[in-house]
Amino acid sequence: MPTKQKFLVALVVLLLSTVSFIWLTSHLFSRYPWHGQYQQCDPDSLLFTRLLEQSILMGKVVETDSYGCYPYEIEHGFAPFYLYFLLNLTGAFFTLFPGCEFEPLYVAGSLPIIFALLTGLMILFTLLKISKKPGLVLFCAFCMLPGLELALSATFMKLDYDFLVSFYIWSWICSCILFLETGNRVLKIMAGIIAALFLATWSGTPLFFFFVTAFGFILWFSGQNEAPRYLEFASSGMLIGSILNLIFIVTYRDPFLSTLIKYSLFQPGCLLLGGIFLYFIKSLYKYERPRTIGLTVLFITTLGIVFIFKEALMQATGILFQTDPIHKTISELVPIIDFSKLATNSRTVARFTEYLNWPAIFLFFLLFASPIGLPPASSRTLRFWLFIMVFLSVRQVRYLRWIGAGGGVLSGMIVYSLFLMMRKHLQGSGMKNARLVLIFLPLLVLYSLQNFSFQITDSNLSDPQIEAYSWIARNTPETSGYYDEKRPEYSILTYWDEGNLLSYYARRPVAVNNAMWGYKTMADIFSSSDEDEAFRLCSEYGVRYVFLSTYRQFDEQSYSFWPYFKSQPKKPEYTMIYEDIPRSSKDQYKNWFYFWLLDHLGLTPKGKFPASSRFRLVYAAKAKDEELAPYILFERVAGARLEMSAAPGTKVSISLELQVGGQHFGYKVHKTADDSGTVRFVLPYSNDYSSGRVKTSDIYKIGYGENADKKFYSLKVSESCVKEGKLLPASALQQVQLQ
């Protein structure tokens, strides 16, 4: 490509990058005003945002977490570089700009947008370097206007490490392509740095380098011309990266820990073996039968990896292929396309294009036809990685984040190929250029509009959520451990996928979070079959509040597995399940603690649960008068104790009226006097409680006896009696004379 032409193309690329920046920040304006705090819903981002905030407040990287799975304090085990990077970069910013009043979290929260732009520019200038066709670069530049891939990983405050993972992946691919074309040895050092930082950022890195190794083997086995140079690049990068991380682990970490879910020997160990394997097969070119030797070594190496890292590999394959029955109920882990229903689902193509836009329909063009304008080696590399990333994304939606800014390369190559085909078809016809514009302009407009819609409609918290988290933060006792190194005093139990939202926005510890830390705690308590068991477990696990969403519907199978965890050892981490586990029927789980609170608010009997004696409703989110509040909060209390005297066998009833939002409910308990003539109650509500749209009447009403002997009493219960479990004095009862 001539220099002048390259300059003009580069100018257009920079112009489109400016448009990309506007798109990437468009959701900031659509959400404004932020009501005091920028809101987001991505649970993984919220976990890292909270850990970063706590690190800033404590002045060091937080390596343990007691706010995500109370009562445990867990070593989160994240690869160390990422949080250090965020914390120190934020600190460096305020060192350079000490007078800046920008929120520290917002400084870090801008990084996903910055890295998305850098990734896009890196890809486009790599294409500009190797491509002979300016049209290819221009189509790719246009198609890289941000879409769903970046909406998932690179919007403001998306502080999950996905934006950095995507940057590393494309840095590796671009460096590899440039090395294949130029042989510049500096790029081998760059590969080592990328591999080292990648390993130190994400514990799932071995999956990417498995494909790096597999592609090297394919090139070598098929005798491609670029195979020796690729093997040199990949083996160098993997060996350098793995050795640097092994040195760090042996020096500063547990050298005997090997697991997929935490930064350990497993990650650099896999890379070291992969790097050695690629280096070895590169050295086989001098032998007469290199393929036989290579296959033998591959088989032996595979057996060795399986033997050494059996448990970690089972975890990896379990996550990827969804062998865990609990994971099958998680929406982020479901495939884009259910291949078992291809013949019966009419929305297969629509769903595919919803995630990858319309050019993805022609994905198979790239499998069998190299795009014009790219050298063969670079084309093979790009097509391999794009196909792998699309394949993984079809298996699990979350892998779209790998593609990131590179999604436009896939679409750009496809659209450019279609453009060349159509231009050839129209060769010799009148007004060829005008026809091409009329054909492709609407298609590109549709493409860009779909992409923009994902950017402008980034998901946000609902008003009831904002109010609920704010109410909890203001009206529940503040806990230690968020701003200091003390232990928290209690936790809030919720369904596991609400955990990160609650712990960050309400600044309160949760018993379970979206990483599934504390899943056993949740399962044990929510599957309690009576109130005594629920109260005992809540006390044992330090759960003071239970927060529920009344409108969300979950996969019914997710409830049925809960009793299985009662037999599992007590620990915060979730352990992958590789076997079928017993399930409870709907008739069984509908009578558990979770549904007693959700369906009956603990006010009326259900299964073995009577009307509540130690769980009370303290908050209900705003709703229409005829609708149940979308979010409700219960508090575990000791309960005020009442003892009355009545003839043995006498039935005594006690009732209280409650107003929850615009709806009225009745709390009523019946007890029978024992042989000694005593009847005992434990009452969870105080009178005159009025907060969080929950209001109790000013008295309890008590009645017993029959006909002319019937007696009525009123009772006032104070808040302190309910919270401290005090025995109510006899003077608290006031007899009522009916007129």
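The legends below describe an overview and several close-up views of one predicted protein model.

Residues are numbered from 1 along each chain as its sequence is written, and side-chain values use heavy atoms, with hydrogens and water left out. Because the model is predicted, local features need pLDDT of at least 70 and side-chain atom pairs count only at pLDDT 80 or more, while totals for chains, interfaces and linings use all residues.

**Figure 1. Overview of the protein chain.** The secondary structure comes to 28 helices and 15 strands; helices (H or I, at least four residues) and strands (E, at least two) are DSSP runs, numbered from the N terminus. Along the principal axes, the C-alpha atoms fill a box of roughly 105 × 60 × 60 Å. Of the 739 residues in the chain, 56% are buried. Buried means under 20% relative accessible area, exposed over 50%, and partly exposed in between (1.4 Å probe, protein chains only). Among contacts with a separation of 6 or more, 71% are between residues 24 or more positions apart, where contact means heavy atoms within 4.5 Å.

**Figure 2. The largest cavity.** The chain has nine cavities of 30 Å³ or more. A cavity is a set of points, on a 1 Å grid over the protein atoms alone, where a 1.4 Å probe fits but cannot get out; lining residues have an atom within 4 Å of a point. The largest cavity holds about 120 Å³ of space, a volume being the space filled by probe spheres set on the points, which are joined across faces, edges and corners. Its lining has 15 residues, and Ser17, Ser20, Leu117, Gly120 and Met144 lie nearest the centre. Helix H1 (3-31) and helix H5 (111-130) are the elements that give two or more residues to this lining. By class, the lining of the largest cavity has twelve nonpolar residues, three polar and no charged ones. Here Ala, Val, Leu, Ile, Met, Phe, Trp, Tyr, Cys and Pro count as nonpolar, Asp, Glu, Lys and Arg as charged, and the others, Gly among them, as polar.

**Figure 3. Helix H23 and what covers it.** Helix H23 (residues 519-526) is largely enclosed by the rest of the structure, because eight of its eight residues are buried. These are Tyr519, Lys520, Thr521, Met522, Ala523, Asp524, Ile525 and Phe526.

**Figure 4. Two aromatic pairs.** The model has 75 aromatic pairs. Rings of Phe, Tyr and Trp (its six-membered ring) pair if their centres lie within 6.5 Å; planes under 30 degrees apart count as stacked, over 60 as edge-to-face and the rest as tilted. Tyr469 and Phe547 form a tilted pair, 6.0 Å centre to centre with 45° between the planes. Tyr469 lies in helix H21 (residues 463-475) and Phe547 in strand S4, so the pair ties together parts that are 78 residues apart in sequence. Both Tyr469 and Phe547 are buried. The rings of Tyr495 and Trp496 are also tilted, with centres 6.4 Å apart and planes at 35°. Tyr495 is buried at a relative accessible area of 6%, and Trp496 is buried at 10%.

**Figure 5. Two arginines over aromatic rings.** A charge sits over a ring if NZ of Lys or CZ of Arg is within 6 Å of the ring centre and within 35 degrees of the ring normal. Arg544 lies over the face of Tyr490, 5.6 Å from the ring centre. Arg614 lies over the face of Phe535, at 4.5 Å from the ring centre.

**Figure 6. The surroundings of Asn500.** Asn500 lies in helix H22 (residues 499-505) and is buried, with a relative accessible area of 1%. Leaving aside neighbours within four places in sequence, Asn500 is in contact with Pro43, Asp44, Leu46, Leu47, Asn513 and Asn514.

Figure 7. Tyr70 and Pro71 are joined by a cis peptide bond, with omega about 15°. Pro71 is in the loop between strand S1 (64-65) and strand S2 (74-75). Asn357, although not a glycine, has a positive phi of about 70°. Asn357 lies between helix H15 (348-356) and helix H16 (363-368), in a loop, and is buried at 3% relative accessible area. Leu601, not a glycine, has a positive phi of about 55°. The loop holding Leu601 runs between H27 and strand S5 (615-620), and Leu601 counts as buried at 4% relative accessibility.

Notes
On a 1 Å grid over the protein atoms alone, a cavity is a set of points where a 1.4 Å probe fits but cannot get out, and a pocket is an open set with protein on both sides within 12 Å along at least five of seven lines; lining residues have an atom within 4 Å of a point.
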